[in-house]
Amino acid sequence: MTDIKNSMQTFKIFFLGLAGILITGCALAQTTGTAITLGGKTIHTVGKLPAVGTSVKEVTLTGVDLKDNTLADYKGKYVIMNIFPSVNTGVCSKSVRKFNEDAAGLKNTTVLCISKDLPFAQKAFCGAEGIKNVVMLSDFRTDFGNSYGVQIADGPMKGLLSRAVIVVNPEGKIIYEQQVPEIGQEPDYAAALAVIK
């Protein structure tokens with residue numbers, strides 16, 4: 001009987017400790033992340049975007065050909081990172097089309113469209129839409145969302161990427177960033193492009 005009581009006591013301590021860790025983790029995500037909204041309801045990202053003036057963090061993402069792509073692959077160019085939840089939503093697909101149009105006229109600039117979508121879905125979207133001026137990259141098997149603070153930490157879109165834009169200069173420094181405050185809102189295209197022109 002004593003063994004059963006000891007086991008129950010150990011289980012209670014373990015369970016309460018685990019609950020405390022989970023509660024602390026949720027509170028930490030809400031206090032260290034960025035508050036954004038989804039349909040007017042507050043949700044949070046796991047962190048904050050890297051600050052303007054800092055060096056870009058090296059990450060690996062997956063191309064539509066399933067090959068690894070790193071940010072170092074684009075060194076020496078301006079890089080626009082168009083980050084969004086899924087290419088299968090209206091605002092996300094609109095941002096890809098808009099940057100595709102704008103990128104055609106930019107010299108020494110690459111637009112990376114980054115989401116958690118599978119590379120197959122990204123490729124199918126580009127084929128159907130005639131998208132040729134952007135590079136579609138997937139975070140489906142990497143840690144980009146956490147590294148850049150854009151992974152959604154709570155709410156119905158938890159685990160997807162928030163809507164954000166980061167612009168990097170040819171030396172690898174961040175020269176513009178925008179965490180779009182409402183998921184259903186488009187990014188400020190003009191402001192992102194203005195730092196390059």
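Among contacts in the chain between residues at least 6 apart in sequence, what percentage join residues at least 24 apart? The figure is 65%, where a contact means heavy atoms within 4.5 Å.

Good morning. The model I present today is predicted, so local features need a pLDDT of at least 70 and side-chain atom pairs count only at pLDDT 80 or more, while totals for chains, interfaces and linings use all residues. Residues are numbered from 1 along each chain as its sequence is written, and side-chain values use heavy atoms, with hydrogens and water left out.

Let me start with the overall architecture. The chain contains five helices and nine strands; these are DSSP runs numbered from the N terminus, with helices (H or I) of at least four residues and strands (E) of at least two. Read from the N terminus, the order of elements is α-β-β-β-β-β-α-β-α-β-α-β-β-α. The chain has 197 residues, and 44% of them count as buried. Buried means under 20% relative accessible area, exposed means over 50%, and partly exposed lies in between, using a 1.4 Å probe and protein chains only.

I turn now to the salt bridges. Side chains of opposite charge can pair when their charged atoms come close. By definition, a side-chain nitrogen of Lys or Arg must lie within 4 Å of a carboxyl oxygen of Asp or Glu. The structure holds four such bridges, and I shall describe some of them.

One of them joins R141 and D68, at 4.0 Å from N to O. R141 sits in the loop between β7 (134–138) and α4 (144–147), whereas D68 belongs to strand β4 (residues 68–70), so that distant parts of the chain, 73 residues apart, are linked. R141 is partly exposed at 47% relative accessible area, while D68, at 53%, counts as exposed.

Another salt bridge pairs K94 with E186, at 3.2 Å from N to O. Because K94 lies in helix α2 (residues 90–103) and E186 in the loop between β9 (174–179) and α5 (189–194), this pair ties together parts 92 residues apart in sequence. Both residues are partly exposed: K94 has a relative accessibility of 43%, and E186 has 27%.

What separates D102 and K98 along helix α2? They are four residues apart, which means about one helical turn.

The loop between β9 and α5 also contains G184. The C-alpha atoms of G184 and G39 are separated by 6.9 Å, although these residues are 145 apart along the chain.

Finally, a remark on the backbone. Most residues other than glycine have a negative phi. L66, however, has a positive phi of about 70 degrees, and its place is in the loop between β3 (60–63) and β4. N108 likewise has a positive phi, of about 55 degrees, and lies in the loop between α2 and β6 (109–115). L66 is partly exposed at 38% relative accessible area, and N108 is partly exposed at 40%.

Thank you for your attention.
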